[in-house]
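Please look over the sequence and the 3D structure that follow. The briefing below then goes through pairing, domains and contacts in turn.

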Amino acid sequence: MTQPLTRRDLLSRAAGTVGAAVIGSSKGSAQTQSNDTTKSPGGPPTELGLRSPHERLLRPTSGSNVSRTPHQDLFGSITPSDLHYERHHAGVPEIDPVGYQLLVHGMVERPTIFTLDDLKRFPAVSRIAFLECSGNYGRNAGPDSKPEQICGLTSQSEWTGVALSTLLREVGASSDATWLVAEGQDAAVMTRSVPMEKAWNDAMVAYGQNGEPIRPAQGYPARLFLPGWEGNANVKWLRRIELADRPFMTREETSKYTDPLADGTARQFSFVFDARSIITKPAYPETIEPGWVEIRGIAWSGRGTIARVEISSDGGRSWTNARLQEPVLPKAHVRFRHLWNWDGTNTEIMSRAVDETGYVQPSRDALRAARGRRARGYHLNPVTAWTIRPDGRVFYKEEPPW
Amino acid sequence: MVRRQRTVAITIAGVLIIAAASHGQTRTSGSDYPERFGFGRAATHGEIDAWDIDVMPDGHGLPAGEGTAATGAGIYLRLCASCHGREGEGATAAPLVGADPESTPPFGPRYEAWRGDRPDVPYTIGNYWPYAATLYDYINRAMPSNAPGSLDADQVYGLVAWLLAKNGLISNDAIMNAETLPTVDMPARGIFVPVER
C-alpha cells in the first residue's frame, strides 16, 4: 500500500517545480529549458495512440479473475475500454473471429447459426450503459481504500450490436418461450437463464465497445448485453442461445448469484441493480486544501434514470442536491458534481442516489437489516462516506464488521 | 436441453413482470424491417447436439451412464481434492460438503437459533444447492478447472454420487443415473424465491 501524500510532501514538490522554473526563466519564459516544447517540432503521427507517459492509469487485479476500474482517476462517464473492469470464471479465451459461430435454437422455428459477419449485417443499435458485477462492494474495506476498491466493478461503455429481438424474429422464436439460456465459450462454458421479457425488450448481442470491437476481456467477439442487469447474466464470448419454457437453474443462478435474506429465504433472479452512487473525488489517497472543493462522483440505477443525487458534507446531518451532468441516460452512470467550501475541520462527505422510481440508496444499516448477518456479497449498494481530517487527508470511512 | 413439452414443476414465468417504464434505446421494431433478413444458416442436428450440453433440474439432458459414491471417490481424490479438500471441506476452492443444520440453510432465524456458539457453517451443496441435476450440468461443463469437459458421463455421475453421499443426501451405495439423480431431495429446494418485478 502506498503511503498517502501529506500536504508537506505536496508543498515541497511544488517548491521544487517552482525552483526549476526560475532557473530556466532567464529569457522570461514560463517554461523550463527541458520542457520548452515550443522550440523544436514534436513527434510524428502514430498508427496507435497511447496515453501520455506521465499518466499511469491501471486496473488493480486481485486473484486470477478480477480487475477493477480506477474510478478515482477518471473523468466524465465513459470508461476507457482498457480500464473496463474484469470478472472471469475461467480466464479470457482467445477466439478467432473467422470461426466464430452463435447458435440460436430450442423453441424456435428455424434453429440458426450466425457468423460474426452475419451479426454485423443486421441493423445495428448502440446505447451507453453501465455494466456491473453483482459482487461490487468492498464490504470490509479499510480506511486506506480507494474508490476502485469500494466499487471498481462497474464500468460504462457505448455498446453496439444487434438487438436480440431482431435475432429472435429472424429465427421465429415461439411465443410460448418464457426463458432463454445464454452460454459462453470460455472454459467455464458459463450459462445463465434470462427471461424472454428482457430478451424482447432491450437486450442486445454486442460486438462493439466504445467504437471498436469488444475487447477480449469483455467478451470478444460478441457477448450478451442486458442493460441494468447484473454482469454475470451478460454472458461473454456468447456461443449459444436456447429458448425454453422454464429457467435452466444453472449453478450461477442457484448456488451463486442469489441473495440470502434475513428471513431465511433467498432472492433468486435478482438481476436488476438498485440505485447507487459514490464520491470518487475527493477520496483516498488524496489530500485537499481548505477552500473550494468540487465533490465529484458517479451514480447509476438499473431501473432507469437517476432523478437526483444528494450530497452531505456534514456526516449525514444535512443534504443538498448535486448537479447532474447531461445527458442523464437510463441504466447509465451519470457524473454528479457539488461545489463545497471546506473550512478545514474534521468531517465526513457522502452521496445518496435517488432514481426515477423513487428508490433511495439505502444506508448500510438498513441493508444489513434486510439481508442479514450472513448476506453474501451480491447486490450490496449502501451509502458510503469519506472522512476528511483537519490536515486535509481523505480516508474511506471504515464500517463496523458486517 | 429442452423438449417442447410443458413442464409444470418449475415454471415461474408470469411472476416476472418487467418494470413498466421501458427505455427504448435499443428497441428496434422498425416498421421498415422485413419479416426476415435471411442472414445466418440453418443449424444441423449434429451441430446442435455437439453444443447442447445443458441439463435441466428435471433431468432433461442427462446422458446414459451411472456412478456411485464408490466409483466417484477415487476420481474425486485424483482430480478435485487438491482444490476442494480431501473431504470436500474446501481449500483454495469452495467447500462442497456440509449439511448442517439439517434441512435449514446456513442463514435466517432458524439457523441463528441453532447456531448458538458454533462457528458459522459455509454455504455448500448440502445446504444451498436446490437441484441435484445442476451438479451434473456444472461438473460436466466446467470441472476440473484445469481440464474442463474432460470427464465422461460415468465419471461425472460418480462424482455427483460421492458429493451427494458426503452431504448425507443419498446412501453410499445409491446409483446415480438419468432416472435417479433428478429425484434426490435437496434441503435447499424450498428457500429460493424468484424476485418479482
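**Strand pairing between the chains**

A:Q268 has B:P194 as its bridge partner in β2(B). This is a predicted model, in which local features need pLDDT of at least 70, side-chain atom pairs count only at pLDDT 80 or more, and totals for chains, interfaces and linings use all residues. Residues are numbered from 1 along each chain as its sequence is written, while chains are lettered from A and ligands numbered from 1 in the order in which they are written.

- Strand β15 (residues 266–268) of chain A pairs in the parallel sense with strand β2 (residues 192–194) of chain B over three bridges, where pairing requires that DSSP finds at least two bridges between two strands.
- Strands here are DSSP runs of E with at least two residues, and helices are runs of H or I with at least four, numbered from the N terminus.

**Contact between the chains**

- The contact takes 63 residues from chain A and 57 residues from chain B, two residues being in contact if their C-beta atoms, placed from the backbone, lie within 7 Å.
- On the side of chain A that touches chain B, strand β13 (residues 238–244) of chain A gives the most, with four residues.

**Domains of chain A**

- Chain A is divided into domain 1 (81–264) and domain 2 (276–396), with bounds that come from an automatic or database domain assignment.
- The C-alpha centres of domain 1 of chain A and domain 2 of chain A lie 28 Å apart.
- In chain A, 24 residues of domain 1 are in contact with 26 residues of domain 2.
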